[in-house]
Amino acid sequence: QVQVVESGGGLVQAGGSLRLSCAASAASGSIFSINSMGWYRQVPGKERELVAIKKTAESGVYADSVKGRFTISRDNAKNLVYLQMNSLKPEDTAVYYCNAHIRLRSSWIQENEYWGQGTQVTVSS
């Protein structure tokens, strides 16, 4: 079973910073590869939207709304992804979800998508 778990959300004042972390895990030796890890966010009444994504060995891709303020990074060896969020704005308030595209050793040809449970980020004015 694959687990994707986010952490690091919280309440912060506008202009402040937060660092989100996400760990993908499975039974020992079961993950063949993780092609990409990324972050999405969602607010009530709106569609879930891409924030940032990083494929293995490629630079991060960002939504225009966060470009220049957020930075995505990965620790491939530990199956971790981070989202450094600076200069936060009230509009950034949302539940942030970690996303990963993973191939398991048992079925390496098939790449599946996994989601975390989400972590709340609230930016006050």
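## Contacts around Y96

Contact here means that heavy atoms lie within 4.5 Å. In this predicted model, and leaving aside its neighbours within four places in sequence, Y96 is in contact with E6, L20, W39, Y40, R41, V51, F70, L83, M85, G118, T119 and V121. Y96 is also named, together with W39, L83, M85 and I102, as one of the residues that touch the most other members of the largest nonpolar core, a set of 31 residues.

Several elements share in this core: β3 (18-25), β4 (31-42), β5 (49-55), β7, β8, β9 and β11 (119-124) each give two or more residues to it. Of these, β9 gives the most, with 6 residues. As a general background to such an arrangement, nonpolar side chains tend to be buried together in soluble globular proteins.

## Overall architecture

The chain holds 0 helices and 11 strands, and from the N terminus on its elements therefore read β-β-β-β-β-β-β-β-β-β-β, where strands are DSSP runs of at least two residues. Taken along the principal axes, the C-alpha atoms fill a box of roughly 50 × 25 × 25 Å.

Buried residues make up 41% of the 125 residues in the chain, while the accessible surface comes to about 6900 Å², of which 48% belongs to carbon and sulfur atoms. Among the contacts with a separation of 6 or more, 56% are accounted for by residues 24 or more positions apart.

## Salt bridges

The count of salt bridges comes to 5, and R41, E49, R69 and D92 are linked in a network of such pairs. Because D92 lies in the loop between β8 (80-85) and β9, and R69 in the loop between β6 and β7, the pair ties together parts that are 23 residues apart in sequence. Both D92 and R69 are buried.

The salt bridge between E49 and R41 has its closest N and O atoms 2.9 Å apart; here R41 is buried, with a relative accessible area of 6%, whereas E49 counts as partly exposed at 36% relative accessibility. A further salt bridge joins the side chains of K67 and D64 at 3.2 Å, N to O, and in this case both K67 and D64 are exposed.

## Exposed loops and a surface patch

G68 is found in the loop between β6 (61-62) and β7 (70-75), and because its relative accessibility of 79% lies over the 50% cut-off, G68 counts as exposed. The C-alpha atom of G68 is separated by 9.7 Å from that of M85, a residue 17 positions away along the chain.

On the surface, F32, W108 and I109 form a nonpolar patch with about 370 Å² of accessible area together. One of these residues, I109, has its place in the loop between β9 (94-104) and β10 (111-115), and I109 is exposed, with a relative accessible area of 66%.

Technical notes: Residues numbered from 1 in each chain as written. Predicted model: local features only at pLDDT ≥ 70, side-chain atom pairs only at ≥ 80, totals over all residues. Heavy atoms only, no water. Patch = residues over 30% accessible without salt bridge, like charges linked within 9 Å, V, L, I, M, F, W, Y side chains within 5 Å. Areas by Shrake-Rupley, 256 points an atom, 1.4 Å probe, with all protein chains shown as cover. Salt bridge = Lys/Arg side-chain N within 4 Å of Asp/Glu carboxyl O. Helix = DSSP H or I, 4+ residues; strand = E, 2+ residues; numbered from the N terminus. Buried < 20%, exposed > 50% of the residue type's maximum accessible area, 1.4 Å probe, protein only. Core = buried A, V, L, I, M, F, W, Y, C linked by side-chain atoms within 4.5 Å.
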